[in-house]
Amino acid sequence: MGEFEQLVDAHYQALYRFGMSLTKAPDRAADLVQQTFCTWAEKGHQLKDRSKAKTWLFTTLHREFLSQIRRSKRFSEEGFDEAAAERIPVEDTVDAERQMDGRQALELLHALDEAYRVPLTLFYLQQHSYKEIAAILGIPIGTVMSRISRGKEMLRKTMTSEPASAPKNVLQLDPDALKRSHG
C-alpha cells in the first residue's frame, strides 16, 4: 500500500466526522474530505515534516470549509448551512439510551456557534491538542482554550436547563408523607 493510501486509511474517518461537525450534511462532509485529499495529492509533497500530516489535513479541510462558505455567500448558493436529517451512524452494539444521549449531545454541539463548535469538535471528537487546534484554525492557543471553555459551559447550560415546555409549578410529592397522613 502506498503512502497516499495509508494516509487516507489513517485519517479518512476522523476528517469525515470533522466535516460533518462543520457542515451538518453527509454529502458536503464527504466533498470536503475528498477535496482535502485532492489538495494533499497536489501539495502534500511540500510538507517537510510528515509527522504533521494529520494537522495539515485538518487545517486544509477547515480552510476548504471556510472557502465554501465565502463562495456560497458570494454566489448565493441555497441552503449551505441547512441541517441534515441524517446523522453519523451509531454502532448497533451501543444501547439505545446511549445512542439518544450521543445524538442529543451532537445536536447540541451542532447548534453552537461555529467559533465554539469547531474547537470543541477538534479537541473532544478528534483528540487534537490545543497547539494543533491553534495551528489548524490559525488562532492563538489562548483563544482556543477560551473557546473550548466557553463552548463547554454553553453545552453544560443547554444540557442541564429544563425544557421550555416543562411545567413550572409542579409540587414534589413525598410518598411517605402521603402514607402517614392517610394511614
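What share of the 183 residues in the protein chain is buried? The points below take up this matter and others.

1. The model under review is predicted. Buried residues account for 34% of the 183 residues in the protein chain. The chain holds eight helices and zero strands, and its elements, read from the N terminus, follow the order α-α-α-α-α-α-α-α. Of the contacts between residues at least 6 apart in sequence, 59% link residues at least 24 apart.

2. Helix 2 comprises residues 26-43, which is 18 residues in total. From its first C-alpha to its last it reaches 26 Å, close to the 26 Å expected at 1.5 Å a residue. Its buried residues are Pro 26, Ala 29, Leu 32, Val 33, Thr 36, Phe 37, Thr 39 and Trp 40. Viewed down the axis of helix 2, these buried residues fall within an arc of 155°, so they line one face of the helix. An α-helix has 3.6 residues a turn, so residues three or four places apart point the same way. On the face of helix 2 turned away from the buried side are the exposed residues Gln 34, Ala 41 and Glu 42.

3. Helix 5 spans residues 114-125, and helix 7 spans residues 141-160. The two helices pack at an angle of about 100°, and their axes are 8 Å apart. Helix 5 is therefore roughly perpendicular to helix 7, since angles of 65 to 115 degrees are classed in that way.

4. The contact between these two helices can be described residue by residue. Helix 5 contributes Ala 115, Tyr 116, Pro 119, Leu 120, Phe 123 and Tyr 124. These meet Arg 147, Ile 148, Arg 150, Gly 151, Lys 152, Met 154 and Leu 155 in helix 7. By class, the contact of helix 5 with helix 7 contains nine nonpolar, one polar and three charged residues.

5. The loop between helix 5 and helix 6 (130-137) includes Gln 126. Gln 126 is buried, with a relative accessible area of 2%. Leaving aside residues up to four places away in sequence, Gln 126 touches Ala 14, Arg 17, Phe 18, Lys 54, Phe 58 and Thr 121.

6. Phi of Gln 127 is near 55°, a positive value in a residue other than glycine. Most residues other than glycine have a negative phi.

7. A positive phi is also found at Lys 24, where the angle is about 65° although the residue is not a glycine. Lys 24 is situated in the loop between helix 1 (3-23) and helix 2. Lys 24 is buried, with a relative accessible area of 17%; the class requires a value under 20%.

8. His 62 belongs to helix 3 (residues 53-75). At 6% relative accessibility, His 62 counts as buried. Which residues does His 62 touch, not counting residues up to four places away in sequence? They are Phe 18, Leu 22, Glu 114, Val 118, Ile 136 and Leu 137. Phe 18 is also among the residues that Gln 126 touches.

Terms used: Residues are numbered from 1 along each chain as its sequence is written. This is a predicted model: local features need pLDDT of at least 70, side-chain atom pairs count only at pLDDT 80 or more; totals for chains, interfaces and linings use all residues. Side-chain values use heavy atoms; hydrogens and water are left out. Helices (H or I, at least four residues) and strands (E, at least two) are DSSP runs, numbered from the N terminus. Buried means under 20% relative accessible area, exposed over 50%, partly exposed in between (1.4 Å probe, protein chains only). Contact means heavy atoms within 4.5 Å. The expected span of a helix is 1.5 Å times one less than its number of residues. The arc is that of the directions from the helix axis to the C-beta atoms. Axes are lines fitted to C-alpha atoms, for helices over the stretch in contact, and angles run from 0 to 180 degrees between N-to-C directions. Angles under 35 degrees count as roughly parallel, over 145 as roughly antiparallel, 65 to 115 as roughly perpendicular and the rest as oblique. Ala, Val, Leu, Ile, Met, Phe, Trp, Tyr, Cys and Pro count as nonpolar, Asp, Glu, Lys and Arg as charged, and the others, Gly among them, as polar.
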